[in-house]
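Trainee: I am new to this structure. Can we go through it in short questions?

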Amino acid sequence: MKLFKTLCILLSATMIVSTSAAQQKGDQAIGAGLSYITGDGYTSGGITVNYRYCLSDAFRLEPGFTFYFPNDRWSMWETGLNFHFLFKPDPYITLYPVLGLGITGAYYGGPTVASNDFSETSFAYSLGAGADYRIDDDKTVWMQYQFKISRFERSAISLGISFRW
């Protein structure tokens, strides 16, 4: 919880200090990447896909879906909408806090013990930070960290590439 409070303070300070614009209104991108999640006894890698749309020069929406690979009879997925406040300290780098809302699904079970199967879907929210590095006008490499809270609290880090048009 101390890490969560520290992250909130750092992100708030970043938003106050930052005033520069990052991307232009109407910019769009589609991306994919790899994710790693850990927390509440579950650790796994996964794949993520997202779509990015800039509402203005400083605000971006990012709906996405992530599937985490089964691990020790657990599997998990999540879908949600992230909100980014963008600022650009360099022509090639964009930094942003991440605020998100979504739905998380978890399944515990397998073919051997049907009586212990468990499945749950719950509302989730997240707080984190991200960075984009523009390779050229069409390609951007991105990385995000999010602390996600739902029925299962966990940390996730993702790394991927987006293609703009």
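Trainee: Where in the chain is L34 placed?
Mentor: This is a predicted model, where local features need pLDDT of at least 70, side-chain atom pairs count only at pLDDT 80 or more, and totals for chains, interfaces and linings use all residues. Residues are numbered from 1 along each chain as its sequence is written, and side-chain values use heavy atoms, without hydrogens and water. Strands are DSSP runs of E with at least two residues, helices are runs of H or I with at least four, and both are numbered from the N terminus. L34 belongs to residues 28-39, which form strand β1.

Trainee: Is L34 buried or exposed?
Mentor: Buried means under 20% relative accessible area, exposed over 50%, and partly exposed in between, with a 1.4 Å probe and protein chains only. L34 has a relative accessible area of 58%, so L34 is exposed.

Trainee: Which residues form a nonpolar patch on the surface with L34?
Mentor: A patch takes residues with over 30% relative accessible area and no salt bridge; nonpolar side chains (Val, Leu, Ile, Met, Phe, Trp, Tyr) are joined within 5 Å, like charges within 9 Å. A salt bridge is a side-chain nitrogen of Lys or Arg within 4 Å of a carboxyl oxygen of Asp or Glu. Areas follow the Shrake-Rupley method with a 1.4 Å probe, and for residues only the protein chains shown count as cover. Together with L34, about 540 Å² of accessible area belongs to I47, V49, F65, F67 and F69.

Trainee: Is P63 buried or partly exposed?
Mentor: P63 also sits in a strand, β3. Its relative accessible area is 33%, so P63 is partly exposed.

Trainee: How much space lies in the largest cavity?
Mentor: On a 1 Å grid over the protein atoms alone, a cavity is a set of points where a 1.4 Å probe fits but cannot get out; lining residues have an atom within 4 Å of a point. Points are joined across faces, edges and corners, and the volume is the space filled by probe spheres set on them. The search finds two cavities of 30 Å³ or more. The largest holds about 340 Å³.

Trainee: Which element gives the most to the lining of the largest cavity?
Mentor: The lining has 31 residues, with T66, E78, N82, Q146 and K148 nearest the centre. With six residues, the element that gives the most is β3.

How values were computed. On a 1 Å grid over the protein atoms alone, a cavity is a set of points where a 1.4 Å probe fits but cannot get out, and a pocket is an open set with protein on both sides within 12 Å along at least five of seven lines; lining residues have an atom within 4 Å of a point.
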